[in-house]
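Hello,

Here is the structure I promised to pass on to you. Please have a look at it, and then read on for what I found.

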Amino acid sequence: MFRLFQPDEWYQVLHFFTPEGELSQWYVDFETPKAPDGYGGWTTCDLEIDLIISPEGMTRWKDEDELDAALRSGNLDQDVVDQVLPIARTIHSDPHAFLSRLPDWRDFPGPHEFEPLPLPPAAAWLPLMR
Amino acid sequence: MTESHVTYLYPSGHLQAVVPFWSVGAADLVAGWTPHGTEIMYWATADGQDPRSVPLDRRFKGGPDQRSANVAGHHVPSVSAGRVVPGAPLLHS
């Protein structure tokens, strides 16, 4: 799985590839802007809703029901969702414009020399388990 | 190329997931690759099940504080044909 994000944006763009190395879809994961965690990584909050974009530029919402459930239960604040939904709808309405601004990493289907990674040091996440 | 990760937190501050990646980008753009076999972490129900096995009307009931603090370690399976292999407790499947 390949990901692209700018820390101050309300999404990251995941790239899924087929075993043959062809891009199978972009997956726009809507989330809060990312903050450095002090351990070489980033923290964010998933906002449940996602947008799938096919290589042909067809779009499909995903997990709208999870967004609704999270809102109803108070797990997500309406104010936060109100910030991200206009961004999501803009991308949905014109995915080609969105993709044209996205750096093109379609030729990066995961070189074999990349070794699997372990979890980061426990200090980065253990204090968050509560 | 450096090791990095993204940590997903619920609004309450509870841990949702940790996903490592190789950072291959630069400057203000983060580009990361998570190879097959990478270990990830995702919160689990008290009996160790994928939280998505809990029906939506109960998954968020009572807010995150009602969730189990259990977190299970998993490995990223093969990603093929635009989907994560079923059973993989990734965020994006």
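This is a predicted model: local features need pLDDT of at least 70, side-chain atom pairs count only at pLDDT 80 or more; totals for chains, interfaces and linings use all residues.

Is Lys34(A) buried or exposed? Lys34(A) has 21 other C-beta atoms within 10 Å, and a residue counts as buried from 20 or more, so Lys34(A) is buried. You will find Lys34(A) in the loop between strand 3 (23-31) and strand 4 (35-36) of chain A. Leaving aside neighbours within four places in sequence, the contacts of Lys34(A) are Phe5(A), Pro7(A), Trp42(A), Thr43(A) and Thr44(A).

Strand 5 (residues 42-44) of chain A and strand 1 of chain B run parallel, joined by three bridges.

Six of its eight residues are buried, which leaves the strand mostly covered. Within chain B, strand 1 runs antiparallel to strand 2 (residues 15-23), and eight bridges join the two. One of these pairings puts Thr2(B) with Ser23(B) as its bridge partner in strand 2. The hairpin of these two strands has five residues between them, and there Gly13(B) takes a positive phi near 100°.

Now for the contact between the chains as a whole. How many residues of chain B are in contact with chain A? There are 46 of them, and they meet 48 residues of chain A. On chain B, at least two residues each come from strand 1, strand 2, strand 3 (30-33), strand 4 (39-43), helix 1 (56-59) and strand 6 (79-80). Strand 1 of chain B gives the largest share, eight residues. Sorted by class, this side of chain B has 24 nonpolar, 16 polar and six charged residues.

Next comes the nonpolar core. The largest one holds 46 residues, and Val13(A), Val28(A), Phe30(A) and Ala17(B) touch the most other members. Strand 2 of chain B supplies the largest share of this core, with six residues. From C-alpha to C-alpha, Lys34(A) and Val13(A) are 13 Å apart in space, and 21 residues apart in sequence.

Finally, a few words on chain A overall. Chain A has seven strands and four helices, and from the N terminus on its elements run β-β-β-β-β-β-β-α-α-α-α. Along its principal axes, the C-alpha trace of chain A spans about 40 × 40 × 25 Å. Of the 130 residues in chain A, 35% are buried. Taking the contacts in chain A between residues at least 6 apart in sequence, 42% join residues at least 24 apart.

Enjoy exploring it, and do write back with any questions.

Best wishes

How values were computed:
Residues are numbered from 1 along each chain as its sequence is written. Chains are lettered from A and ligands numbered from 1 in the order in which they are written. A residue is buried if 20 or more other C-beta atoms lie within 10 Å of its own, exposed if 12 or fewer, and partly exposed in between; C-beta atoms are placed from the backbone. Two strands pair if DSSP finds at least two bridges between them. A nonpolar core is a set of buried Ala, Val, Leu, Ile, Met, Phe, Trp, Tyr and Cys residues joined through C-beta atoms within 7 Å. Two residues are in contact if their C-beta atoms, placed from the backbone, lie within 7 Å. Ala, Val, Leu, Ile, Met, Phe, Trp, Tyr, Cys and Pro count as nonpolar, Asp, Glu, Lys and Arg as charged, and the others, Gly among them, as polar.
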